[in-house]
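Here are my notes on this model, point by point. Have the viewer open while you read.

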Amino acid sequence: MVTITLHCPHCESDALIRNGHAPNGKQLYRCHACGRQSRENPTPHAYPESRREEILHAYQERSSLRGLTRTFGVSRTTVSSWIKKK
Ligand SMILES: [Zn+2]
């Protein structure tokens, strides 16, 4: 059992409450702090595999998530989830 702490992509609050499911089956959350809705793992497939490989390769060379997010414009959360899956 893995517990994932979700954070609101809008305000970084972790006060997310479940709010039904999206049409694609993803869990939806509503943020208690700012009232906006977010999705579980909002961008796992937002980048093609090649892009992901490129970014992960850059991560292995530099080991700097901060630099990666600046260079590639991906969210740190997204890259972290890729790294964990490796
Ligand atoms: Zn929020």
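1. Start with the packing of helix H1 (residues 49-62) on helix H2 (residues 65-72): their axes are 9 Å apart and the angle is about 140 degrees. Axes here are lines fitted to C-alpha atoms, for helices over the stretch in contact, with angles from 0 to 180 degrees between N-to-C directions. That angle makes H1 oblique to H2, given that under 35 degrees counts as roughly parallel, over 145 as roughly antiparallel, 65 to 115 as roughly perpendicular and the rest as oblique.

2. Contact means C-beta atoms, placed from the backbone, within 7 Å. By class, the residues of the contact of H1 with H2 are five nonpolar, two polar and one charged. For the classes, Ala, Val, Leu, Ile, Met, Phe, Trp, Tyr, Cys and Pro are nonpolar, Asp, Glu, Lys and Arg are charged, and the others, Gly among them, are polar.

3. One caveat on all this: the model is predicted, so I'd keep in mind that local features need pLDDT of at least 70 and side-chain atom pairs count only at pLDDT 80 or more, while totals for chains, interfaces and linings use all residues. Residue numbers start from 1 along each chain as its sequence is written.

4. Now look at H1 against helix H3 (residues 76-85), where the axes come within 11 Å and cross at roughly 85 degrees. H1 and H3 are therefore roughly perpendicular. Arg52, Ile55, Leu56 and Tyr59 of H1 meet Val79, Trp82 and Ile83 of H3. The tally for the contact of H1 with H3 is six nonpolar, no polar and one charged.

5. H1 itself has 14 residues and reaches 20 Å from first C-alpha to last, close to the 20 Å expected at 1.5 Å a residue (the expected span is 1.5 Å times one less than the number of residues). How many of the 14 residues of H1 are buried? The number is zero, so H1 lies largely in the open. Buried means 20 or more other C-beta atoms within 10 Å of a residue's own, exposed means 12 or fewer, and partly exposed is in between, with C-beta atoms placed from the backbone.

6. Within H1 sits glutamate 54, partly exposed with 13 C-beta neighbours inside 10 Å. Glutamate 54 and phenylalanine 72 are 18 residues apart in sequence, with 9.7 Å between their C-alpha atoms.

7. Stepping back, the protein chain has three helices and three strands, in the order β-β-β-α-α-α. Helices are DSSP runs of H or I with at least four residues, strands are E runs of at least two, and both are numbered from the N terminus. Of the 86 residues in the protein chain, 8% are buried.

8. Finally, check the segment before strand S1 (16-21), where glutamate 12 is found. Phi of glutamate 12 is near 70 degrees, positive in a residue other than glycine, and glutamate 12 counts as exposed, with 10 C-beta neighbours inside 10 Å. Alanine 15 also lies in the segment before S1 and touches Cys31, His32 and Ala33, leaving out residues up to four places away in sequence.

Key: Contact = placed C-beta atoms within 7 Å.
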